[in-house]
Amino acid sequence: MTDLADLSIAAAGSGLRGGEFTARDLTDAVLTRAAITEAHLHAYLTLDQEGARAAADAADADFSAGTDRGPLQGIPIAVKDNMVTRGIETTAGSKILAGYVPPYNATVVDRLHGQGVVIVGKTNLDEFAMGSSTENSAFGPTRNPWNTDRVPGGSSGGSAAAVAVGSALGALGSDTGGSIRQPASLCGLVGVKPTYGVVSRYGLIAFASSLDQIGPFARNVRDAATLLEAVAGFDIHDATSYRGDTPDISSLMDAGVEGMKIGIVSELAGDGIDPEVNAACRHMYDALSDAGADLREVSLPATEYALSAYYLIAPAEASANLARFDGVRYGLRVDGETTEDMMSNTRAEGFGPEVIRRILLGTYALSAGYYEAFYGQAQRVRTLLRNEFADAYARVDVLVSPTSPTTAFAIGEKTSDPLSMYFADVCTIASNLGGDPSGSIPIGFDGDGMPIGFQIMAPALHEAQLFRLAAAVERLAGVDARPALATSEVRPA
Amino acid sequence: MSDWEAVIGIETHVELQTKSKMFCGCAVNFGAPPNTTVCPVCLALPGALPVPNEEAIEGILRIGAALGCDLVEDSLFHRKNYFYPDLPKNYQISQYDVPLCIDGHLEIDVDGEEATIGITRVHMEEDTGKSVHGSDTGRIHDADFSLLDFNRAGVPLVEVVSEPDIRSPEQAREYAAELQRVVRTLGVSDVRLEEGSVRFDANVSVRPVGREEFGTRTEVKNMNSLRSLQHAVAYEIQRQVRVLEAGGVIIQETRHWDEVQGTTSAMRSKEESEDYRYFQEPDLVPLHVDAAWRRRVVASLPELPAAHRRRLAAAGLDRQAAETLVDAADLADMFDAAVGLGADATTVANWLTGDVVAYLRRNDVALEATAIAAEHLRDLAAMLANGTLSSTAAKDVLNYVLDGEGNPAEVAAAHDLTQISDEGALEAEVDRVLGDNPDVLEKIQQGDMKPIGFVVGQVMRATRGKADPQMVTDLIRSKAGMS
């Protein structure tokens with residue numbers, strides 16, 4: 001019999017409704033899986049076993065009473081530790097928030113609670129979501145379930161590892177420059193960054209406010225859609241929340257790709273992309289073409305400057321967003337002779353080197369005399385990029401590319417070279433700068449058995465097109481492997 | 001001194017009296033115990049986001065419209081970055097290059113000399129918390145500890161920036177006073193200087209008369225009354241002139257007004273001043289105020305102080321009475337109501353701005369807490385006009401009515417204050433006094449008018465003040481054959 005921890009959300013949902021097992025059984029299976037795998041992976045910063053079991057019991061009581069709060073009732077889900085949870089420590093992977101227990105819930109957390117979700121715990125991340133490997137966590141790195149010598153990607157590496165290994169059936173991550181899609185790619189999962197504004201950011205500890213979006217990790221496209229539908233929708237507490245009707249997400253998933261116009265981004269198909277990744281993507285383009293899709297190359301020259309623009313805009317916003325961590329009201333405080341000393345001692349001690357690097361970069365980019373040359377110029381590139389994407393979307397329904405230029409790299413491989421680490425985002429950041437939806441779908445493995453992800457980008461609010469192609473890619477790829485850690489008899493280390 | 005001209009601009013911060021704060025639902029309540037009107041947003045807890053308060057936007061639009069500003073359809077919020085313990089986010093949400101209101105003006109009048117002061121901009125921002133420093137001096141340098149109260153953090157704050165059009169300390173004071181009147185008339189803030197709900201900073205420079213270019217300016221802060229604003233500006237002008245005449249240069253800096261010493265001193269110089277690294281607030285979308293909203297705001301403006309003063313002057317009121325009424329909405333409303341019922345404007349204005357104000361002050365009550373009504377004033381004015389009451393008696397009646405003793409007719413009867421204007425009765429009294437003082441008539445006939453007052457006084461005494469003095473005077477004159 002299948003271990004319940006390996007069920008998809010959809011299968012677990014029907015098992016619960018069919019009375020085959022209880023939410024408590026399911027949660028215990030997931031917690032058992034976590035007990036075995038955590039020593040190898042460190043996917044979680046906080047496992048809330050007690051809260052998870054209580055939520056599972058509550059879901060079971062609802063099932064018994066005939067109350068159905070939707071497809072996620074009783075489903076164990078993990079939440080990245082940069083979304084605040086009332087009564088549960090929330091650190092954003094930073095020493096400056098070690099021990100911080102928020103008094104309120106992020107809107108997404110409230111929505112999950114309201115739908116009877118079992119929140120398993122808070123997952124590891126690069127400090128304040130700044131990184132592409134989860135090695136920048138102040139509490140130690142997360143490892144890739146497919147090979148524990150490799151990184152899971154980042155910054156939502158903990159969420160990706162948990163879902164891949166079965167210590168959660170799905171997870172929420174946040175994506176500022178690729179922080180959902182790149183770890184999804186590196187861990188063989190479906191990961192989606194929705195249109196900016198579709199999911200509330202209220203309670204998401206901000207990295208770069210104009211780029212941050214919350215989205216789902218799941219083991220298949222349908223589960224990802226279910227989780228996204230559960231958290232999407234206007235929120236009065238987020239002024240950048242989309243006020244219109246929540247976009248359709250899943251209605252076209254069975255529509256197939258016949259006649260769908262798909263643009264292959266030329267700039268993301270050659271130099272700098274690993275040959276095995278390129279080959280897998282090309283193979284998928286052929287399969288899509290065979291299935292009746294209309295594929296063509298689309299050139300987006302501004303993507304060449306997207307990375308540079310991103311690494312000015314994101315740090316600039318971060319330099320202000322992270323100013324509130326000053327030792328005055330909460331979190332770490334390191335005393336000093338004066339209030340100013342206290343603040344600077346706290347920040348010097350509490351922030352890790354990558355966070356400090358980005359605060360300095362961002363502060364510099366906004367400084368008098370440099371603003372126009374750096375921040376102003378980056379905003380102009382952002383506008384140019386948006387215009388190019390708008391032009392492209394006038395001709396094609398969706399754009400495709402690899403998600404990550406490489407498969408999972410070795411732990412420690414890029415930590416001493418920030419620029420090569422920044423390059424991990426090269427395929428993903430355009431969607432953040434444009435605010436458009438984008439997702440990663442697993443399409444195969446490299447020679448080392450590491451997953452390869454396929455990126456689909458769609459125009460703003462056209463999630464339905466994204467999921468339509470994602471479902472087709474999933475069917476065509478037919479990837480059905482699980483990491484060894486999830487399937488073999490691994491003993492607690 | 002006369003060789004120099006002062007150039008002054010004033011930045012005014014007005015705290016709006018909205019129900020809730022600028023970017024969260026916390027109550028605006030200045031009397032609340034420390035840190036009780038706070039939430040994740042105004043404490044800048046991790047993850048919290050701002051949402052603009054529509055009531056505050058309405059408030060600033062009213063101020064902007066009242067100052068004749070253009071109301072900008074899509075204005076932008078920016079972050080102003082600086083570290084300070086009472087600033088929870090360590091940035092203030094403010095407006096920078098595209099504020100909500102631009103290009104307005106305010107008319108002022110100092111001793112009959114009128115001036116138009118340009119308004120550069122009116123923009124929306126949020127207030128900080130308050131620091132209390134644990135030291136004898138209350139200043140941060142000697143403090144062992146500091147306490148923070150975030151109740152004020154996030155209260156809507158409107159900044160009004162004037163053009164450097166002000167030329168004297170007196171104009172500076174009048175500009176501030178008139179701006180306060182305008183804002184108070186709009187009902188969006190109580191604009192109390194002593195409570196900090198309005199704060200004025202002055203940018204001051206001097207230049208030789210006739211020169212176009214501005215001199216180097218200083219910014220003077222910490223004035224907590226209109227008087228201290230005027231004194232601080234006057235002091236700073238004199239200081240700058242002294243420095244320049246001694247061959248020195250003015251340093252661009254912020255200066256602190258010391259109320260006790262009556263001097264300004266340097267706080268921080270421009271060299272040390274911070275780079276605020278303004279950038280557009282990514283947590284907020286551009287603030288859209290559509291044409292219908294802008295039209296509605298302009299259409300709903302109340303009568304503004306300048307128009308009000310003009311109307312009162314046209315009704316015959318002197319400047320003093322007009323200003324008193326403009327500054328006190330309750331008195332002005334009562335005035336309008338009584339005049340609307342047909343009462344004489346000057347009479348009612350004199351009562352309201354004299355006797356009634358004195359009564360309210362003496363008893364420390366508000367007008368609405370007294371028993372007076374507009375009908376009372378109309379009746380009282382009529383009784384004065386038709387001679388039923390002397391002007392002295394009318395004032396007594398007014399006070400009894402304010403005390404709640406009844407309407408003017410009842411009060412006058414109860415206190416036996418009705419004037420004797422029965423000619424026969426008065427003539428008998430006049431004859432009696434003249435009979436007792438036989439030389440008086442003769443003196444009057446010889447052209448000495450002084451005894452008339454004596455006779456009137458005697459008649460008034462005999463009638464306990466109820467005689468109509470004009471009628472008595474006329475009787476005496478006619479008896480002296482002067483008519």
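Analyst: Two strands are said to pair if DSSP finds at least two bridges between them. The model discussed here is a predicted one, and the complex carries an ipTM of 0.96 and a pTM of 0.90 from the predictor.

User: What makes β2 and β6 of chain B a pair, and which residue is the bridge partner of Asp70(B)?

Analyst: Strand β2 (residues 70–71) of chain B is joined to strand β6 (residues 101–110) of chain B by two bridges, with the strands running antiparallel. Since the criterion asks for at least two bridges, two are enough, and the strands therefore count as paired. The bridge partner of Asp70(B) in β6(B) is Ile102(B).

User: What is found between β6(B) and β7(B), and how many bridges join them?

Analyst: β6(B) pairs in the antiparallel sense with strand β7 (residues 113–126) of chain B over nine bridges, and His105(B) has Gly118(B) as its bridge partner in β7(B). The two strands form a hairpin with two residues between them, and in the turn Asp111(B) has a positive phi of about 50 degrees. As background, most residues other than glycine have a negative phi.

User: Why are β5 and β15 of chain B placed at the edges of their sheet?

Analyst: The sheet is open, with three strands in the order β5-β4-β15 (chain B) and antiparallel pairing. β5 (91–94) and β15 (279–280) each have a single partner strand, so one side of each is left without a neighbour in the sheet. The link between strand β4 (residues 78–81) of chain B and β15(B) consists of two bridges, and in β15(B) it is Phe279(B) that is the bridge partner of Arg79(B).

User: What is the strand order of the open sheet in chain A, and which strands are its edges?

Analyst: In chain A, 11 strands follow one another in the order β1-β3-β2-β4-β6-β5-β10-β11-β9-β7-β8, with mixed pairing. The edges are β1 (44–47) and β8 (294–298) of chain A, each of which pairs on one side only. From one strand to the next the twist averages 30 degrees. Within chain A, strand β5 (residues 190–193) and strand β6 (residues 213–218) pair in the antiparallel sense over two bridges, and Gly191(A) stands opposite Phe217(A) in β6(A).

User: How do you know that α8 and α9 of chain B are in contact, and what kinds of residue make that contact?

Analyst: Helix α8 (residues 345–363) and helix α9 (residues 374–385) of chain B have axes that come within 10 Å and cross at roughly 115 degrees, in a right-handed crossing. The contact is made by Thr347(B), Val348(B) and Trp351(B) of α8(B) and by Leu377(B), Ala381(B) and Leu384(B) of α9(B); the test applied to residues is that their C-beta atoms, placed from the backbone, lie within 7 Å. By class, the residues of this contact are five nonpolar, one polar and no charged.

User: How many residues does each chain give to the contact between A and B, and which helix of chain A gives the most?

Analyst: Chain A contributes 35 residues and chain B 26 residues. On the side of chain A, α9 (303–321), α10 (339–350) and α11 (353–366) each supply at least two residues, and α9(A) gives the most, with three. That side comprises 21 nonpolar, eight polar and six charged residues.

Note on methods:
Residues are numbered from 1 along each chain as its sequence is written. Chains are lettered from A and ligands numbered from 1 in the order in which they are written. This is a predicted model: local features need pLDDT of at least 70, side-chain atom pairs count only at pLDDT 80 or more; totals for chains, interfaces and linings use all residues. Helices (H or I, at least four residues) and strands (E, at least two) are DSSP runs, numbered from the N terminus. Axes are lines fitted to C-alpha atoms, for helices over the stretch in contact, and angles run from 0 to 180 degrees between N-to-C directions. A crossing is left-handed if the near helix is turned anticlockwise from the far one by less than a right angle, and right-handed if clockwise. Two residues are in contact if their C-beta atoms, placed from the backbone, lie within 7 Å. Ala, Val, Leu, Ile, Met, Phe, Trp, Tyr, Cys and Pro count as nonpolar, Asp, Glu, Lys and Arg as charged, and the others, Gly among them, as polar.
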